[in-house]
Each structure stands twice: as C-alpha cells, then as structure tokens.
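Subject: A structure for you to look at

Hello,

Here is the structure I promised to pass on. Please open it first, then read my notes below.

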Amino acid sequence: MTATDTRGVRDFLSGDPRTLAPLVLGGVLTHHSESGPVSVRLTEVEAYMGPRDSAHPDPGSHTYGGRTARNAPMFGPPGFLYVYFTYGMHYCANIVCGPEGAPSALLLRAGEIVAGEELAAVRRPASKAHKDLASGPARLASALGLTTADSGRDALAAPFNLWLPESPAAAVASGPRVGVAGPGGTTEYPWRFWIEDDPTVSRYKAARPRTRPSTA
C-alpha cells in the first residue's frame, strides 16, 4: 500500500490497532522537516485502546479516564499523530487508529532509520550505533524531529507520509507493553508487537511503581 494511496491507508488504519499492529511492522514513516527528510522503518509498536466506559477499556491508555485537551487527537480520525511529552524530557509518537470518536492508537516504539541517517544522528548525538538511533519511542520521535507541536497533524499528508508493507513481516512476536503501570502492563494486555530478532527493537522493561499513567 503506497503513501499516495491516502484513502486506502486511512481506511486500513480505521481498524482495531491490536489487529493492525503486526501488519504495520516493516512500514515506513517519513517526516520532511525544514532540516530535511528522515524515514524510519517500523520494527516495534504497541496497541492502545479506549476509556473505561468504552467497548474496549484499556487501563494503560491515556484515554482511560476520558477525553482531555492532551489526548484529544486520539479521538479524531485515523492516520493522525498523537505526540505527548513524558518524564519532563521525552516526546513519544502514536498513529491514531479506529473510527473517529472511538479512541485507539499505535505507539511507535522502535524502528530502523532507512533515510536521513545523518540528520537523525545530529538529533540523536548520544546514539553510538545505527541500530540505536530509533530504538525506543523517545529516540524514534527525536530522530524524526517530532514534538507535541505535531500532535493532531495528519501523518498521511505533507510534510509526512506513511508507506505500508504489501505483506506482513515474516516473524512477529507479541508480549506485555513496556513501562505501563498497573493492570495495563500485565500479560493480560500482550499488545506490544515486534519483528523478531531485529536489532532495533527496544529492550523490555517492566513499569516502575507510579501514581499516574506512564504511557499511551
């Protein structure tokens, strides 16, 4: 499915993110910023669902407590970005899924930089190897140059484009989500999906005890 097939990609993303997650692995998201383009091949994503009063309540989701100014993009049309700031220092990016009004999304956890490596390295000076440039959600967002200013923007329109693979990745694994506190981070929610044996996939870490939601 090509980036130019915007309607087809948006229709595809209107589905359940738990079903879509393994199918987007290997897809490529590009951001054509003023500094230049960077493209990342997605190797790891996490699915997130809706509020406690929805058909698919997800205690790990930012929408679990209902709509807020921060999570409003998750309630919008599929194919848009939801970018949030966490730990007072990091941005993390999601692609909104599901029909409009039924919030769900895919957190972009990790990927391989396949174009614009020089620019990605400038944005990620602490990365010591190519495989580390976008290995983890904060690194991926940073390599692409994404901030909360991009939250609510269309990932299927300039300055972005999203190419989806013609066929699923050969070997996909799933398991608990990373760093999610409470029930949403348990084996009851095995909604993290990754390409097996890909060196860019982030390492699993259980959540530290917290008094507020840890991820979206």
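Start with the overall size. The chain has 216 residues, and a compact globule of that length would have a radius of gyration near 17 Å. The chain has 16 Å, which agrees. That radius is taken over C-alpha atoms, and the globule rule is 2.2 Å times the number of residues to the power 0.38. Along its principal axes, the C-alpha trace spans about 45 × 40 × 35 Å.

Two notes on how to read the values. This is a predicted model, so local features need pLDDT of at least 70 and side-chain atom pairs count only at pLDDT 80 or more, while totals for chains, interfaces and linings use all residues. Residues are numbered from 1 along each chain as its sequence is written, and side-chain values use heavy atoms, with hydrogens and water left out.

Now the fold. The chain has four helices and eight strands. Both are DSSP runs, numbered from the N terminus: helices are H or I with at least four residues, strands are E with at least two. Along the sequence the pattern is α-α-β-β-β-β-β-α-α-β-β-β.

How much of the chain is buried? Of the 216 residues, 52% count as buried. Buried means under 20% relative accessible area, exposed means over 50%, and partly exposed lies in between (1.4 Å probe, protein chains only).

Next, contacts, meaning heavy atoms within 4.5 Å. Take those with a separation of 6 or more: residues 24 or more positions apart account for 62% of them.

Helix α2 covers residues 17–24, and its buried residues are P17, L20, A21 and V24. They cover an arc of only 115° around the axis, so they sit on the same side of α2. The arc is that of the directions from the helix axis to the C-beta atoms. The cover over these buried residues includes α1 (6–13), β2, β4 (90–97), β5 (104–115) and β8. Just after α2, G26 takes a positive phi of about 95°.

T30 is in strand β1 (residues 28–33). T30 is buried, at 6% relative accessible area. Its side chain makes a polar contact with the side chain of S39 (2.6 Å). A polar contact is a pair of N or O atoms within 3.5 Å; within protein, one must be able to donate a hydrogen and the other to accept it, and residues adjacent in sequence count only if both atoms are side-chain atoms.

Last, the charged pairs. Side chains of opposite charge can pair when their charged atoms come close. A salt bridge here is a side-chain nitrogen of Lys or Arg within 4 Å of a carboxyl oxygen of Asp or Glu. The whole structure holds ten of these salt bridges.

One of them joins D198 and R41 (2.8 Å, N to O). D198 lies in the segment after β8 (192–195) and R41 in strand β2 (residues 36–48), so the pair ties together parts that are 157 residues apart in sequence. D198 is buried at 13%, whereas R41 is partly exposed at 21%.

Another joins E44 and R192 (2.8 Å, N to O). E44 is in strand β2 and R192 in strand β8, 148 residues apart. E44 is buried at 0%, and R192 is buried at 5%.

R177 and D58 also meet in a salt bridge (2.8 Å, N to O). R177 is in the loop between β7 (172–175) and β8, D58 in the loop between β2 and β3 (81–86), 119 residues apart. Finally, salt bridges that share partners join E44, E46, R109 and R192 into one network.

Best wishes
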